[in-house]
Amino acid sequence: MKQQEAVKALTISYEVQNEITQFLYREAHLLDSRNYRGWLDLLAEDIVYQMPARITTEGKHDTPNIDYKSRYFEETKQSLLTRVKRLDSTSSAWAEISGPRQRHFISNVFIEKGVMNEGGNEEYFVRSNFLFKRNRGSALTSEELFGAREDVIRKENGEWKLASRIIYPDQTVLGTINLSMFL
Amino acid sequence: MEKQSGITKETLLNLKEKLKAGVLPQWVLADRDMYDLEIKQVFGRTWQFLAHESELKEPGSYVTRWIANDPILLTKTKSGEIKAFLNSCTHRGTLLCTADSGKQKSFTCPFHGWTYNNEGDLVGIAVGNKVYGEEMNKEDWNLRPVPNVDSYQGMIFGNLDHKAESLSDYLGNMKWYLDMMLGRSDGGMEVQGSPQRYVVEANWKVTAENFESDPYHVQFTHKSSKELGIAPNDPFFPGHGHQVVLDNGHGINLVQLDDTGISPIPYQGMPESMWPMFQKNLNKEQNDMVKDTFFVGGVYPNLGFLQFTFPLLDSDNGFYNFLNFRVWRPLAPDKVEVWSWHLIDKDAPQEYKEKSYVSFLSTFGPSGLLEQDDAEIWSRVTQASNGIMAQDKDLSYNSFLNYLMGMDRVQPNEDFPGPGVAYPLCFLDTLSRSMHKRWIDLLLAETPVKEEVR
């Protein structure tokens, strides 16, 4: 997890809980409604955006099963911008022409801890679950991905920004034909 | 005519005639009987890629894989030997090991507790002496080995056919090109992490052909990458170079970025400090190819590869090379599971390896800007291939797919310095026709009569 050096721990107020939950819902709305430029505005300039692979491991029920060496996303703000540019400034992003209908169902928002970082910004370590559903063309079946996210959400100049996101899929074999969406 | 699971020999001979004329009937992309026949005749009898050596680092390491519907347990034994078994308990058939990878000395079946070591020997039977006595010979109940396992340049293959030709003979003149891709560095190549896995609603022949023999699709399927400057913005890219038809349906495209023959990104963008090592390990002809071209091709039937170089999505400077191998595992006539590995030279600097991986993620695999569009289009072929017209085996609607590009028009380059028959451009269906010829020959091959079955 990328988080600046903590200076002091913060208590998590109802107000912060509410603001962060609303931030995640707003983010999901921007993605669902394909307002990707608006979504990029929510990302901190130094965002870390990763999706490692899930694997099946031997051992007891709680044996770790994320392979961090194997990934599906390893992005910076600039690379995410390039991905968005492909969708809105090229004529041939076939995976998203026309854009499949998509929903991000975000739940179980849990703020694990908050700190004041060295730069004097509040940062909260936030867990959430996601269920992503997508329907293309006239398909009778819908694709889905689900799993957990670990975010760092930071307050910069009075605005909440996503500073880090690690996406942990629960499927070892992905249930979508591609990852042309953002999670 | 002899019936082969719903498809007659006559049907197959007709297909062969159509292929000679440069067309492939569309029904073969979605027909269940054809698929079942392919599983037996193609996947049951060809060498199938299982793993790269670097995935089995030390004695006790194992990975589980699939050859179509056969679960395979691949182990590294105490002595360092690689062994492959049907991943199924010999007692009642249970899937023995459910993990994707790991390290252990033995495998115990959860059903009745039979235990095997990583040599495949049955070493423990729960309450064995009391219930089976001395009469049962344990050795008769060892894990069932894959009849043929061998590796070439670190690539481990298995073949279920008892009478298979050797891996070396099967690969034939493809080996020269595998040497070039995998043998350029002293330390060889290594895999980074577990393979990516995802499922596409597509026929395996469509995906296999897409990688091995169809650079033509790049100019339009991947147009967005040209528009973004990730791929060269030349309408003829990647047509420049050579398409090389190799033994047994294998093939490679040696792609040039432009028509000068000299790559603006020498040695595929690998660090200059490594060039002398490449020159030492490769012969002159191979060295020239690594220096000035990029590779995309396949080992028939379902192992695709790409050794290419792309910029990162977040910077304008620097091109990073990677080798991607992928298996198209057939799951159904309209379903393929993609297994995709990133490889890079073990000797490359650590920082370069990481950038190489990010370059791979940016372009290939399910999140890659190029492959995202591939998957969409492969699945569209399936969507349009299931109806009465596309499925008509009498071909009364002219439901053929066109493989006429370059046919009888483009002659081989006699001066080409490598093995195989090389044509002086990559926008060509010659390699596709060779793949499908191999396919029909495998389907037509007589099943050898088993000499004796216990």
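**Reading a two-chain model**

Me: Where is Gly249(B) found?

Reply: Gly249(B) sits in the loop between strand E16 (241-245) and strand E17 (251-255) of chain B. Keep in mind that this is a predicted model.

Me: Is Gly249(B) buried or exposed?

Reply: Count the C-beta atoms around a residue. With 20 or more others within 10 Å, the residue is called buried. Gly249(B) has 25, so Gly249(B) is buried.

Me: Which residues is Gly249(B) in contact with, leaving aside its neighbours within four places in sequence?

Reply: There are two groups to look up. Tyr300(B) and Pro301(B) are in contact with Gly249(B). Ser434(B), Met435(B) and Arg438(B) are also in contact with this glycine. Tyr170(B) is 79 residues from Gly249(B) in sequence, and their C-alpha atoms are 9.9 Å apart.

Me: Let me try another residue. Where is His242(B) found, and is it buried or exposed?

Reply: His242(B) is in strand E16 of chain B. Use the count again. His242(B) has 24 other C-beta atoms within 10 Å, so His242(B) is buried.

Me: What is His242(B) in contact with, beyond its neighbours within four places in sequence?

Reply: His242(B) is in contact with Leu254(B), Asn413(B) and Phe416(B), and also with Ala422(B), Tyr423(B) and Pro424(B). Now take a distance. Thr293(B) is 51 residues from His242(B) along the chain, and 9.4 Å separate their C-alpha atoms.

Me: Now helices. At what angle do the axes of H6 and H14 of chain B cross?

Reply: Picture each helix as a line with a direction. Helix H6 (residues 204-213) and helix H14 (residues 430-444) of chain B cross at roughly 140 degrees, and their axes come within 9 Å. Angles over 145 count as roughly antiparallel, and 65 to 115 as roughly perpendicular. H6(B) is therefore oblique to H14(B). H6(B) passes H14(B) in a right-handed crossing.

Me: Which residues make the contact?

Reply: H6(B) brings Glu209(B), Glu212(B) and Ser213(B). H14(B) brings Leu431(B), Ser432(B) and Met435(B). Sort them by class. The contact of H6(B) with H14(B) has two nonpolar, two polar and two charged residues.

Me: How does H2(B) lie against H14(B)?

Reply: Start with the angle. The axes of helix H2 (residues 32-43) of chain B and H14(B) cross at roughly 95 degrees and come within 8 Å. That makes H2(B) roughly perpendicular to H14(B). Leu37(B), Gln41(B) and Val42(B) of H2(B) meet Trp439(B), Leu442(B) and Leu443(B) of H14(B). By class, the contact of H2(B) with H14(B) has five nonpolar residues, one polar and no charged.

Me: Let me zoom out. Which domains is chain B divided into?

Reply: Chain B has domain 1 (48-159) and domain 2 (173-442), by an automatic or database domain assignment. Their centres, taken over C-alpha atoms, are 33 Å apart. Eleven residues from domain 1 of chain B and 16 residues from domain 2 of chain B take part in the contact. On the domain 1 side, four residues are nonpolar, five are polar and two are charged.

Me: How many residues does each chain give to the contact between A and B?

Reply: Chain A gives 31 residues and chain B gives 38 residues. Next, look for the elements involved. Strand E3 (66-75) and helix H3 (77-89) of chain A each supply at least two residues of the side that touches chain B. E3(A) gives the most to that side, with seven residues. The side of chain A that touches chain B has eleven nonpolar, twelve polar and eight charged residues.

How values were computed: Residues are numbered from 1 along each chain as its sequence is written. Chains are lettered from A and ligands numbered from 1 in the order in which they are written. This is a predicted model: local features need pLDDT of at least 70, side-chain atom pairs count only at pLDDT 80 or more; totals for chains, interfaces and linings use all residues. Axes are lines fitted to C-alpha atoms, for helices over the stretch in contact, and angles run from 0 to 180 degrees between N-to-C directions. Helices (H or I, at least four residues) and strands (E, at least two) are DSSP runs, numbered from the N terminus. Angles under 35 degrees count as roughly parallel, over 145 as roughly antiparallel, 65 to 115 as roughly perpendicular and the rest as oblique. A crossing is left-handed if the near helix is turned anticlockwise from the far one by less than a right angle, and right-handed if clockwise. Two residues are in contact if their C-beta atoms, placed from the backbone, lie within 7 Å. Ala, Val, Leu, Ile, Met, Phe, Trp, Tyr, Cys and Pro count as nonpolar, Asp, Glu, Lys and Arg as charged, and the others, Gly among them, as polar. A residue is buried if 20 or more other C-beta atoms lie within 10 Å of its own, exposed if 12 or fewer, and partly exposed in between; C-beta atoms are placed from the backbone.
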